[in-house]
Amino acid sequence: MKPANWVIDRMGIRSFINLQLYHRVPRRVSPLDFLGLGTLFVFINQVVTGIILATWYNASVTGAYQSVQRIMHTVPLGWLIRDLHYWGANFMVVLVFLHMLRGYYIGAYRKPRELVWLSGVGLLLITILFSFTGYLLPWDQQSYWATMVGTWMPFYMPVIGYYIVLLMRGGPYITGVTLTRFYAIHVLVLPALFLLVFGLHFYMVLSKQLTMVEEAEKLPKEKQRGLVTFFPTTVFQMTMFLVILSAALLYFSINFHAPLLAIADPLNKAHYVPIPLWFFFSIYQLLKYIPPALDAFGIIGLPTIGILMLVLLPFIDKIPDRKPSERKGYVYSGGIVVAAIVVLTYLGAVNQGVAAPVQAASSYLSTNAATKTATLTLLGGYGTTNGGFNFNGAANGAMVVTIPQGWTLDVAFTNDGSLNHSAAITASQTSSTALAATDETPNPVLGDAPGAKSSFTFKATTAGNYVIACLVPGHIQLGMWAKLVVAPSGTPSIKL
Amino acid sequence: MTVDTRLRCSICGNPVDGDGEVCADCIADGRAERELGRRKFLRNSLIGAMGLFGVGYLGLALKNLFPASGPLGKLQNIGPINKFTNNYTLIDYTGAGFPDGVYVRQKSPGVIQAFDFHCAHLQCPVQWNSSLKEFQCPCHGSVYNANGQHIAGPAPRGLWPHVVKIANGNVYIGGQID
């Protein structure tokens, strides 16, 4: 007798297992049927990679950042473990979202499956808390400031708000106390909670059957010939789905690495601008359209209403027929909410937060040999490089523009950042004034407002090394300068 | 063989008609009343004990994890008063036990102003714009004037001031005032 059979016999679950393995299901399946399975797979990935990371990680202000660096650069395959964990977290949020969307569309939350849906809502919230607590652990600028903002949000709850902030942070601001607190919740509390709620979710799925299986069994006898047994046909399809999913996870992990910014600086000397987690972009963008008087409602009220709607959904929808075509109101209103979330997430991503795409250096410089004129496109504060203090995404002299003596350089300046910026040609990076009044944008010290455009023309009469700088006080010291070389001869060039 | 699927009386073990907990005989002779009363008492004792354990552990956790409200942060000497101009400089205040940014300036001779650099909206780090003479928050656009008062954006109040003391020509910064 095989060991597996022996265990099954002793447990007395033979008939249960046979029922689960050999129940009849439709032959035709869609990948959408496997989103829950995919979520479970990614959760297991999170557990395995998380345990490995925990063995190297040091949850302290002095050690956290260095231990993550060590994982990335020294520990064998540590970078892959970290990237699998990072991408697994992102995959999980997307899979949970799609899984719930499918359940919403086909009405899988309805009686008698209310508990499947409610435990699913619980798992969604736990997944979000996993991301929120895990985000702080690398202790870089992004972690620190996003957590500062995120943990202040409960402040706007009536009466208990500030007490919740203090309890989360373990003090008035983010410190090492917050870090160990978040670590304990991330690796001890949430996994236990997740397994508990997942146990209920899975038990309810097994005991109440999947909606699609119920449909299949309602079919008249002659049509049931299209049915297959769950094992091995569907199990094989599931395996294929997991192979593709894991390949995607591996592809993202190998090609797009989890970021690690500069170590957290409570004084923020580099003027880093905090960015929320990407799946909060939609609410972050929405807050921009809400008048200041309703700000607290946007921060606390809207998410509360959203969660409440999800919880109450199984008890509100009383339409007799489950089919999407009979529940048009639910399908359309759900569609509008999802479309709004997608559009707001996109707007939130492009307006701030995500680093601007890097363009080919040559696209910034065009030349006309006949008139000996070069045109330089200069984007001040392009993307988040160096906290936005950059030209064309390059800071601290990383961009070098070279033009031959006797040429004319037309500078077309656009302030692409969120603060005022200017552009000027100066003698060196310690100079705070332009070479001449004609070698700068109109308001060099006050700067142009975000989105404004201006231009000036520089005549390269004397060979030598110059600097292109933003003359708004402090910006050049923060690294907002590029090199300009006037060469005795040659052709114009640019490198980033 | 047919199986009797009827429920059993939980006192005498005889079959019960319907879905009752006890049979008609036990109700009739008064045993049910005594037994059910005893069961209710024991069940409530169990719930009560579990509740007490729960409240105890919850109280223990909250008392342990909730930060003790102590006095404001200690005074920290940040240098001679003549070092400070009318323009704000960012000071690393550590008197509360952790690094905290505080903007300090000498508004007029002998008058020192000190504001915490966390925005009152969502605590992003505000930046002092010396040409516009205002604090700007890069996150959601709250703006404060040079006296820390809220003038634009979503913040519900002005910047948090810090305790300021001047002694023997030196400036001391203390904890944040709510």
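Figure 1. The secondary structure of chain A amounts to 14 helices and 11 strands. Its C-alpha trace extends over about 90 × 55 × 55 Å along the principal axes. Of the 496 residues in chain A, 35% are buried. Among contacts in chain A with a separation of 6 or more, 76% join residues 24 or more positions apart.

**Figure 2. Prediction confidence along chain A.** The mean pLDDT of chain A is 90, and 97% of the residues of chain A reach 70 or more. Of the elements of chain A, helix α3 (residues 35-56) has the highest mean pLDDT, 98, while helix α10 (residues 211-218) has the lowest, 71. In residues 353-358 of chain A the pLDDT falls below 50.

**Figure 3. Helix α8 of chain A and its packing partners.** Helix α8 spans residues 161-169 of chain A, and its buried residues are A:V165, A:M168 and A:R169. Seen down the axis of α8(A), these buried residues lie within an arc of 85°, so they line one face of the helix. An α-helix has 3.6 residues a turn, so residues three or four places apart point the same way. After α8(A) comes A:G170, which has a positive phi, near 70°.

**Figure 4. The contact between chain A and chain B.** Chain A contributes 25 residues to the contact and chain B contributes 21 residues. On the side of chain A that touches chain B, α7 and α8 of chain A each supply at least two residues. Helix α7(A) gives the most to this side, with four residues. By residue class, the side of chain A that touches chain B comprises 18 nonpolar residues, six polar and one charged.

**Figure 5. Nonpolar cores of the model.** The largest nonpolar core has 82 residues, and those with the most contacts inside it are B:V102, B:Y103, B:V104, B:C119 and B:I173. Helix α5 (residues 78-106) of chain A provides the largest share of this core, 10 residues. Apart from neighbours within four places in sequence, B:Y103 is in contact with B:Y88, B:L90, B:A114, B:F115, B:F117 and B:W128. A second, separate core has 36 residues, including A:A394, A:C470, A:L471 and A:L484.

**Figure 6. The surroundings of B:Y144.** B:Y144 is found in strand β7 (residues 143-145) of chain B. With 25 other C-beta atoms within 10 Å, against a threshold of 20 or more, B:Y144 is buried. Leaving out residues up to four places away in sequence, B:Y144 touches B:V126, B:E134, B:F135, B:Q149, B:H150, B:I151, B:G158 and B:L159. B:R43 is 101 residues from B:Y144 along the chain, and their C-alpha atoms are separated by 61 Å.

**Figure 7. The two domains of chain B.** Chain B is divided into domain 1, residues 1-66, and domain 2, residues 76-176. The centres of domain 1 and domain 2 of chain B, taken over C-alpha atoms, are separated by 64 Å.

Definitions and conventions: Residues are numbered from 1 along each chain as its sequence is written. Chains are lettered from A and ligands numbered from 1 in the order in which they are written. This is a predicted model: local features need pLDDT of at least 70, side-chain atom pairs count only at pLDDT 80 or more; totals for chains, interfaces and linings use all residues. A residue is buried if 20 or more other C-beta atoms lie within 10 Å of its own, exposed if 12 or fewer, and partly exposed in between; C-beta atoms are placed from the backbone. The arc is that of the directions from the helix axis to the C-beta atoms. Two residues are in contact if their C-beta atoms, placed from the backbone, lie within 7 Å. Domain bounds come from an automatic or database domain assignment. Ala, Val, Leu, Ile, Met, Phe, Trp, Tyr, Cys and Pro count as nonpolar, Asp, Glu, Lys and Arg as charged, and the others, Gly among them, as polar. A nonpolar core is a set of buried Ala, Val, Leu, Ile, Met, Phe, Trp, Tyr and Cys residues joined through C-beta atoms within 7 Å. pLDDT is the predictor's confidence in each residue, from 0 to 100.
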